Amino acid sequence: MELKPGSRWKSAVCDTEVVVVRPPKTPSSLECGGHAVIPHAQVKAEGLAPSADHSDGTAAGKRYTAPETGIEVLCTKAGAGSLSVDGRAIGAAEAKKLPSSD
């Protein structure tokens, strides 16, 4: 899978959809719900469900990053599966604090 900036992907097991903001530094596998994500236009396979280890869910509008690989994705549609890279769970990035205007 080639994770290019701006490419759109969706989960094979839930409603999660993401857009790649920053690609990984090395070839990596982006997963959701324990299964590899698929291109946005591809039809989902029947009968797949999120694994119990990867079912924390995703939130729309949140950025998810993996510092080890450098990947950053923006969740455009929430779902039941959680995101991971090469089997390692990734979490939502914290919002940056703005400087005080005092």
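Colleague: Which side chain does Arg88 meet in a salt bridge?
Modeller: Glu68, at 3.9 Å, N to O. The pair links distant parts of the chain, 20 residues apart: Arg88 is in strand β9 and Glu68 in the loop between β6 and β7. A salt bridge here is a side-chain nitrogen of Lys or Arg within 4 Å of a carboxyl oxygen of Asp or Glu. Strands are DSSP runs of E, at least two residues, numbered from the N terminus.

Colleague: What are the ground rules for the model?
Modeller: This is a predicted model: local features need pLDDT of at least 70 and side-chain atom pairs pLDDT 80 or more, while totals for chains, interfaces and linings use all residues. Residues are numbered from 1 along each chain as its sequence is written, and side-chain values use heavy atoms, with hydrogens and water left out.

Colleague: Back to that pair. Is Glu68 buried or exposed?
Modeller: Exposed, at 53% relative accessibility. Arg88 is partly exposed, at 42%. The cut-offs: buried is under 20% relative accessible area, exposed is over 50%, partly exposed is in between (1.4 Å probe, protein chains only).

Colleague: New topic. In what order do the six strands of the open sheet run?
Modeller: β5-β1-β2-β7-β6-β10, with antiparallel pairing. β5 (38-39) and β10 stand at the edges with a single partner strand each, so one side of each has no neighbour in the sheet. Two strands pair if DSSP finds at least two bridges between them.

Colleague: How many bridges join β6 to β7?
Modeller: Four, and the strands run antiparallel. Arg63 stands opposite Leu74. Tyr64 faces Val73 in β7, and its bridge partner in β10 is Ala92. β6 and β10 pair over two bridges, also in the antiparallel sense.

Colleague: Which residues sit on the covered face of β6?
Modeller: Tyr64 and Ala66; Arg63 and Thr65 are on the uncovered face.

Colleague: What about the hairpin turn? Which residue there has a positive phi?
Modeller: Gly70, at about 90°. Four residues lie between β6 and β7. Thr69 is in that loop too.

Colleague: Is Thr69 buried or exposed?
Modeller: Buried, with a relative accessible area of 4%. Its contacts (heavy atoms within 4.5 Å) are Pro24, Lys25, Ser28, Val85 and Arg88, not counting residues up to four places away in sequence.

Colleague: Where does Ser84 lie?
Modeller: In strand β8, residues 83-85. Ser84 is buried, at 0%.

Colleague: Last one. Which residue has a positive phi although it is not a glycine?
Modeller: Asp86, at about 50°. It is in the loop between β8 and β9 (88-89). Asp86 is partly exposed, at 38%.
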